[in-house]
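Hi,

Here is the structure I said I'd pass on.

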Amino acid sequence: KNGLLKINIGLKCYHNAINFQIENTYSESQKKDKGIGLKNIQKRLNLLYHNNFNLKIDITDHVFKVHLKLNL
């Protein structure tokens, strides 16, 4: 590959929810650094929103996807 990393960000607002999606590619050297940041995000979301959110994380071959729905 040419070494370029890509990122796509989407945000949709509704009267009762906010949907946030992010998708980015990553290199093999970045793969080993995952983990603690995701745990911290989940803890913070639990503190701020309790059960009023849905967080889905998918990690596939060189693509990292996150979908977050915040219920207002």
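**What I found**

Helices here are DSSP runs of H or I with at least four residues, strands are runs of E with at least two, and both are numbered from the N terminus. Helix 2 itself covers residues 36-49, and its 14 residues reach 20 Å from first C-alpha to last, close to the 20 Å expected at 1.5 Å a residue (that is, 1.5 Å times one less than the number of residues).

Before you go further: this is a predicted model, where local features need pLDDT of at least 70 and side-chain atom pairs count only at 80 or more, while totals for chains, interfaces and linings use all residues. Numbering runs from 1 along each chain as its sequence is written, and side-chain values use heavy atoms, without hydrogens or water.

Overall, the chain has two helices and four strands, in the order β-β-α-α-β-β. Of its 72 residues, 15% are buried (under 20% relative accessible area; exposed is over 50%, partly exposed in between, 1.4 Å probe, protein chains only).

Then there's the surface. Ile7, Ile9, Leu11 and Phe20 make a nonpolar patch of about 400 Å². Strand 1 (residues 7-13) gives the largest share, three residues. Isoleucine 7 sits in that strand and counts as exposed because its relative accessibility is 51%.

Cheers

Definitions and conventions:
Patches are made of residues with over 30% relative accessible area and no salt bridge: like charges are joined within 9 Å, nonpolar side chains (Val, Leu, Ile, Met, Phe, Trp, Tyr) within 5 Å. Accessible areas come from the Shrake-Rupley method with a 1.4 Å probe; for residues, only the protein chains shown count as cover. A salt bridge is a side-chain nitrogen of Lys or Arg within 4 Å of a carboxyl oxygen of Asp or Glu.
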